[in-house]
There are 6 protein chains.
Amino acid sequence: MKHGARNDIPAEVIEIKRGGVMAQVTVRLKGTDYRMSSVMTLDSLSELELKEGSEVHVLAKAVNVLLVKP
Amino acid sequence: MKHGARNDIPAEVIEIKRGGVMAQVTVRLKGTDYRMSSVMTLDSLSELELKEGSEVHVLAKAVNVLLVKP
Amino acid sequence: MKHGARNDIPAEVIEIKRGGVMAQVTVRLKGTDYRMSSVMTLDSLSELELKEGSEVHVLAKAVNVLLVKP
Amino acid sequence: MKHGARNDIPAEVIEIKRGGVMAQVTVRLKGTDYRMSSVMTLDSLSELELKEGSEVHVLAKAVNVLLVKP
Amino acid sequence: MKHGARNDIPAEVIEIKRGGVMAQVTVRLKGTDYRMSSVMTLDSLSELELKEGSEVHVLAKAVNVLLVKP
Amino acid sequence: MKHGARNDIPAEVIEIKRGGVMAQVTVRLKGTDYRMSSVMTLDSLSELELKEGSEVHVLAKAVNVLLVKP
């Protein structure tokens, strides 16, 4: 599959938290200690069949990425 | 500074492209070969005084991060 | 590929406008007269190799979809 | 009302799920079988007075629409 | 019109910058010196018929609003 | 800290609602009666140590700000 998102990084699911309609999935970028979180609906979570250890790709549209200076 | 974004990774600016009102800034995540792009206004670019080699942090709200399965 | 976006609709590219760093791609949802636009970087556009007539899928995270009442 | 979103499609609410602070509203695009979901706060849900069968318009900023190739 | 965005503030357009496909519209929130910018397509700009002095409302989905501590 | 968001307004937290994984934080823009809401994960909420009365800055990327005409 090809997509229009500039940012695509392999990662591994390390934690899943479930709420009433939303879930928070934390991943670790492959070969690093960097963590990122993704919030999605529980419906998306079950369609993706994610669990701890699942291999995923992290995608974010460039317009939604913010750069800050320390 | 503290912020409400779950995702915050140190990075280095490796390329800047300028358009009419927008700019695309590509960074490399520190200690990795992973690249991400951020699109911002030229105004933001000049306020941030970004140039190649600038050290930045990459921020994305968890709700704007998409996970895909290969 | 499986993804964490609730919204995924087949469409056909009907127009592409190119700017300095960004492009606007207008699609028609398959079997309808509904049109949607996607703004992406020129880099993404060329990676996707989009042109008029290309078949694509439209994706939007549910959190970025707004409902209004007439 | 006029708005700065490129994407505006009539739809009908077919399902509402409520969580602790968020709700997920699924709609069917008028005259089609395409479904889309919108996640909003419960406050927005009650201000909109949405229920199954409500007529709405679906809006998404073009920058938040992703195109993928099958 | 009713909408599912938690944030809706009256404002006045004070500056418009045009690029190749995108425009940046800066507004001042009514009765304040606070400024906000909105980036939209040139198509949206012309549909909205915005010019300096136009009265608008500023909308942002709560999920896209970030809070930071100084 | 410097950031690539065009919109940055001082505000005070006036209400916090907690759900299963998400929280909704309502703020009042300093010196005005304008309110805005931000939705974030509970993790972000606790990292920010927000409570009623906390002073914050409101940030939104210009691409996620929508202008509408009454």
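## Polar contacts and salt bridges

In this predicted model, 14 residue pairs are in polar contact across the interface of chain B and chain A, both at pLDDT 80 or more. A polar contact is a pair of N or O atoms within 3.5 Å; within protein, one must be able to donate a hydrogen and the other to accept it, and residues adjacent in sequence count only if both atoms are side-chain atoms. Salt bridges between chain B and chain A number 0. A salt bridge needs a side-chain nitrogen of Lys or Arg within 4 Å of a carboxyl oxygen of Asp or Glu.

## The contact surface

Chain B gives 35 residues to the contact, and chain A gives 35 residues. Contact means heavy atoms within 4.5 Å. The two chains bury about 3,400 Å² between them, 66% of it on carbon and sulfur atoms. Buried area is the accessible area (1.4 Å probe) lost on being put together, summed over both parts. In chain B, B:Y34, B:L67 and B:K69 lose the most area to chain A, together 21% of what that side buries.

## Conventions

Residues are numbered from 1 along each chain as its sequence is written, and chains are lettered from A in the order in which they are written. Local features need pLDDT of at least 70, and side-chain values use heavy atoms, without hydrogens and water.
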